[in-house]
Amino acid sequence: IKVSDGISISNRVLVSILKDRCSKNNIPYQLEVNDCGGSEVAVIAQTEYPTAICGVSIPAYNIHTAQTVINKKNVENTKKLLKKVICAEIPIDNLK
């Protein structure tokens with residue numbers, strides 16, 4: 001669960017919702033706080049319409065190389081989390 005990177009900060013309510021879904025469904029997670037780099041999430045946050053953002057990523061070694069390595073369990077757990085979040089009703093008022 002991305003909390004921040006070099007160019008964006010995730011919405012704290014969305015971060016809390018993701019953490020809550022993980023806890024309630026026994027899905028392990030890590031919080032990502034990075035002071036360099038960035039992601040597509042920042043581009044979304046810079047639109048003319050206010051948008052709550054939060055990134056979800058899979059831990060990887062040797063990222064952006066032909067030798068990138070990820071753990072299959074991390075992929076499966078990320079899929080579980082995304083299903084729980086996409087299928088959940090999240091009141092828009094909570095994101096302010």
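**Salt bridges, core and surface of the predicted model**

D5 is buried, with a relative accessible area of 8%; buried means under 20%, exposed over 50% and partly exposed in between, with a 1.4 Å probe and protein chains only. The model is predicted, so that local features need pLDDT of at least 70 and side-chain atom pairs count only at pLDDT 80 or more, while totals for chains, interfaces and linings use all residues. Residues are numbered from 1 along each chain as its sequence is written, and side-chain values use heavy atoms, with hydrogens and water left out.

D5 lies in the loop between strand 1 (2–4) and helix 1; helices (H or I, at least four residues) and strands (E, at least two) are DSSP runs numbered from the N terminus. The D5 side chain reaches the backbone nitrogen of I7 at 2.9 Å and that of S8 at 2.8 Å. Not counting residues up to four places away in sequence, D5 touches N34, C36, G37, G38 and S39 (contact: heavy atoms within 4.5 Å).

The structure holds five salt bridges, each defined as a side-chain nitrogen of Lys or Arg within 4 Å of a carboxyl oxygen of Asp or Glu. K2, D5 and E32 are linked in a network of them. The K2–D5 pair has an N to O distance of 3.8 Å, and the K2–E32 pair one of 3.0 Å. The latter links distant parts of the chain, with K2 in strand 1 and E32 in strand 2 (residues 32–33), 30 residues apart. K2 counts as buried because its relative accessibility is 8%, whereas E32, at 24%, counts as partly exposed. Another salt bridge joins K79 and E76, with the closest N and O atoms 3.6 Å apart. Both residues lie in helix 3, three residues apart, about one turn of the helix.

The largest nonpolar core has nine residues: I1, L14, V15, L18, C22, I27, C54, L81 and V85. Such a core is a set of buried Ala, Val, Leu, Ile, Met, Phe, Trp, Tyr and Cys residues joined through side-chain atoms within 4.5 Å. Helix 1 (12–24) and helix 3 each supply at least two residues of this core, and the largest share, four residues, comes from helix 1.

I86 is placed in helix 3 (residues 72–86) and counts as exposed, at 67% relative accessibility. I58, in the loop between helix 2 (40–45) and helix 3, counts as partly exposed at 32%. Contacts of I58, not counting residues up to four places away in sequence, are with I70, N74, V75 and T78.

Methods:
Polar contact = N/O pair within 3.5 Å; in protein donor to acceptor, adjacent residues only side chain to side chain.
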